[in-house]
Amino acid sequence: MKTLLFLLLIFISSTLKAEIVKIPFHSKALENSLIGTKSTRDIHIYLPDGYHDSDKRYPVLYMLGAYSWPIKYSERIEPMLENHKKNGQSMEMIIVMLEGNTPLRGSFYVNSQVHGNFSDYVIKEVLPWIDRTYRTKAQPEHRGITGFSMGGTGALRFAAKHPNLFGHVYALSPGMFDEKGMAKSYLTSKDAIKRFQTFKQKLATAKNPKAVMDAEFASFQGREIWNNGQVNSYSAYLMAYAGAFAGQPGKPFGVHYNVDPSQKPLWFRGFGELVELYSTPSVVAQLSSVRIDVGDKDDYIWITEGVLALKQKAEANKVPISFEVFQGGHSDKALERLEHHMLPFFNERL
């Protein structure tokens, strides 16, 4: 009898305990990208305590990884949730963790010929699949989106363009330009631009484009991106950004604006349009809550200046956005911000 009771307690404990489910998800939207982005990608899903032992429906938080962040960042999130539960915060939500990596390190979560259709992957594939597969509260007031750096940029763009899906957004150190920001970014590196131009010339005349791209992108993989010098990382970023935002028919990577100044708006819009969107009252009015945090000395100075420019415009236009400007750089206090600011924000609102 004691043995049976012991086994029963183990079973109850195992079913009540929260878990992270790791699912390989095949995306039609990411098939046939120019650079060979993987179309089957892992999704990590946090299911709260007791999920399997009730008929209850749960709010959902979508979390987007940063540029170069592997999906294993979920390993950091789980202990944060456990810490909150130990302190009496239930954290009764489903959290869907995604990453936007490509052979160029980052997709920026938009549709593009180069990286694949990442917006469609998130909005048209993952989100409805989650609602079909799990017991979700499928209304915008119960659905939030967040992300760090590139993920924060993606979260802001998704929320602004799909307020019928997301009611709450929290962006941590999101990529953002004010009017002067692009001139201070890696997109102006002369050495990176030179490599970009040479790569495009090789690609345009190549009999085997895949071989050209494989050779070009080899130094961008894993730790190699940092081991091959600063210009190497600048080049990867420039190519990734160009592929996401500057492409046009017949020119998937676009034309750099220092070659053709008429292309400058295409390059600017990637980060620049967020200031315009979130300083527009009618855009933000469709969302229940918006919060952005940034370091006062972000390593990428255009991010600090872009967020501060938005803050000034939002306040002038009486747009209800909550800002936090902390002392530090891009990744400073990142784990603290995720655990003690971002998670409680959604726990209170979803």
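Helices (H or I, at least four residues) and strands (E, at least two) are DSSP runs, numbered from the N terminus. The model on screen is predicted: local features need pLDDT of at least 70, side-chain atom pairs count only at pLDDT 80 or more, and totals for chains, interfaces and linings use all residues. Residues are numbered from 1 along each chain as its sequence is written, and side-chain values use heavy atoms, with hydrogens and water left out.

**Stop 1: the loop between S1 and S2**

Select Ser33, which sits in the loop joining strand S1 (19–26) to S2. Ser33 is buried, at a relative accessible area of 12%; buried means under 20% relative accessible area, exposed over 50%, and partly exposed in between (1.4 Å probe, protein chains only). Now display the backbone around Ser33. Its side chain reaches the backbone nitrogen of Thr37 at 2.8 Å, and a polar atom of that side chain lies 3.3 Å from the backbone nitrogen of Gly36.

Move to Asn32, also placed in the loop between S1 and S2. Is Asn32 buried or exposed? With a relative accessible area of 76%, Asn32 is exposed. Check the backbone here: phi of Asn32 is near 65°, a positive value in a residue other than glycine.

**Stop 2**

Select Asp55, in the loop between S2 and strand S3 (60–64). Asp55 is exposed, with a relative accessible area of 72%.

**Stop 3: Ser149 and helix H4**

Select Ser149, in the loop between strand S7 (143–148) and helix H4 (150–161). Phi of Ser149 is near 60°, again positive in a residue other than glycine. Ser149 counts as buried, at 14% relative accessibility.

Continue into helix H4 and pick out Gly152. Gly152 is buried, with a relative accessible area of 0%. From C-alpha to C-alpha, Gly152 and Met97 are 13 Å apart in space, and 55 residues separate them in sequence. Next select Gly154, also in helix H4. Gly154 counts as buried at 3% relative accessibility. Its C-alpha is 9.5 Å from that of Ser107, a residue 47 positions away in sequence.

**Stop 4: helix H9**

Select residues 264–278, which make up helix H9. Its 15 residues should span 21 Å at 1.5 Å a residue, and the end C-alpha atoms are 21 Å apart, which agrees; the expected span is 1.5 Å times one less than the number of residues. Where does H9 bend? The bend, of about 65°, is at Gly270; a bend is the angle between axes fitted to the seven residues ending there and the seven starting there. Colour the buried residues of H9: Trp267, Gly270, Phe271, Gly272, Leu274, Val275, Leu277 and Tyr278.

**Stop 5: the largest pocket**

Rolling a probe the size of a water molecule over the atoms shows where empty space is left. A pocket, on a 1 Å grid over the protein atoms alone, is an open set of points where a 1.4 Å probe fits, with protein on both sides within 12 Å along at least five of seven lines; lining residues have an atom within 4 Å of a point.

Select Ala66, Tyr67, Trp69, Phe148 and His330, which lie nearest the centre of the largest pocket among its 31 lining residues. About 630 Å³ of space lies in this pocket, a volume being the space filled by probe spheres set on the grid points, which are joined across faces, edges and corners. Which helix gives the most to the lining? H8 does, with 4 residues. The lining has 21 nonpolar, 7 polar and 3 charged residues; Ala, Val, Leu, Ile, Met, Phe, Trp, Tyr, Cys and Pro count as nonpolar, Asp, Glu, Lys and Arg as charged, and the others, Gly among them, as polar.

Zoom in on His330, in the loop between strand S10 (322–326) and H12. His330 counts as buried at 5% relative accessibility. Its side chain makes a polar contact with the side chain of Asp298 at 2.8 Å; such a contact is a pair of N or O atoms within 3.5 Å, and within protein one must be able to donate a hydrogen and the other to accept it, while residues adjacent in sequence count only if both atoms are side-chain atoms.

**Stop 6: the second largest pocket**

About 470 Å³ of space lies in the second largest pocket. Select Lys38, Glu99, Asn101, Thr102 and Gln221, the closest to its centre of the 18 lining residues. Strand S2 (residues 40–47) supplies the largest share of this lining, 3 residues.
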